[in-house]
Amino acid sequence: MIGGHTAAALAQAGTPLFAYDAKRITAQVARFRAAFPGVALHYAIKANPYAPLLDHMATLVDGF
């Protein structure tokens, strides 16, 4: 499930398909921070410069 939808349902829009689940991203960042307290977390923009993703990541990480 991705954002409450199956991959098959999301793929109806065509391929390639990139699906982002903000809740899952937020949870993964929380897991990282719990495992590595005090470590600054930065996101590499060149890994994925998709603007809506960057907007969300900006609320979670210490920098880009």
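**Figure 1. The salt bridge between aspartate 62 and arginine 33.** The count of salt bridges comes to one, a salt bridge being a side-chain nitrogen of Lys or Arg within 4 Å of a carboxyl oxygen of Asp or Glu. In this bridge the side chains of aspartate 62 and arginine 33 meet at 3.2 Å, N to O. Aspartate 62 belongs to the segment after H3 and arginine 33 to helix H2, so the pair ties together parts that are 29 residues apart in sequence. Aspartate 62 is partly exposed, at 46% relative accessible area, and arginine 33 is likewise partly exposed, at 28%. Here buried means under 20% relative accessible area, exposed over 50%, and partly exposed in between (1.4 Å probe, protein chains only). The model is predicted: local features need pLDDT of at least 70, side-chain atom pairs count only at pLDDT 80 or more, and totals for chains, interfaces and linings use all residues. Residues are numbered from 1 along each chain as its sequence is written, and side-chain values use heavy atoms, with hydrogens and water left out.

**Figure 2. The chain as a whole.** The chain contains three helices and zero strands, and its pattern along the sequence is α-α-α. Helices (H or I, at least four residues) and strands (E, at least two) are DSSP runs, numbered from the N terminus. The C-alpha trace spans about 40 × 25 × 15 Å along its principal axes. The radius of gyration of the chain is 14 Å, whereas a compact globule of 64 residues would have one near 11 Å; the radius is taken over C-alpha atoms, and the globule rule is 2.2 Å times the number of residues to the power 0.38. Of the 64 residues, 19% are buried. The chain exposes about 4,800 Å², of which carbon and sulfur atoms supply 63%; accessible areas come from the Shrake-Rupley method with a 1.4 Å probe, and for residues only the protein chains shown count as cover. Among contacts (heavy atoms within 4.5 Å) with a separation of 6 or more, 29% join residues 24 or more positions apart.

**Figure 3. The largest nonpolar core.** Nine residues make up this core: Ile25, Val29, Leu41, Tyr43, Leu53, Leu54, Met57, Leu60 and Val61. A nonpolar core is a set of buried Ala, Val, Leu, Ile, Met, Phe, Trp, Tyr and Cys residues joined through side-chain atoms within 4.5 Å. Helix H2 (22-35) and helix H3 (51-58) are the elements that give two or more residues to the core, and H3 supplies the largest share, three residues. In soluble globular proteins, nonpolar side chains tend to be buried together. With residues up to four places away in sequence left aside, tyrosine 43 touches Asn48, Leu53, Leu54, Met57, Val61, Gly63 and Phe64.

**Figure 4. Asparagine 48 in the loop between H2 and H3.** Asparagine 48 is placed in the loop between H2 and H3. Asparagine 48 counts as buried because its relative accessibility is 17%. A polar atom of the asparagine 48 side chain lies 3.1 Å from the backbone nitrogen of tyrosine 50. Not counting residues up to four places away in sequence, asparagine 48 touches Tyr20, Tyr43, Leu53 and Leu54.

Figure 5. Glycine 4 sits in the segment before helix H1 (7-10) and is exposed, with a relative accessible area of 54%. The C-alpha atoms of glycine 4 and aspartate 21 are separated by 8.8 Å, although these residues are 17 apart along the chain. Alanine 9 lies in helix H1 and is partly exposed, at 44% relative accessible area. From alanine 9 to tyrosine 20, 11 residues away in sequence, the C-alpha to C-alpha distance is 14 Å. Proline 16 is found in the loop between H1 and H2, where its 69% relative accessibility makes it count as exposed. Proline 16 and glycine 3 are 13 residues apart in sequence, and their C-alpha atoms are 18 Å apart in space.

**Figure 6. Arginine 24 in helix H2.** Arginine 24 lies in helix H2 and is exposed, with a relative accessible area of 53%.

Terms used: A polar contact is a pair of N or O atoms within 3.5 Å; within protein, one must be able to donate a hydrogen and the other to accept it, and residues adjacent in sequence count only if both atoms are side-chain atoms.
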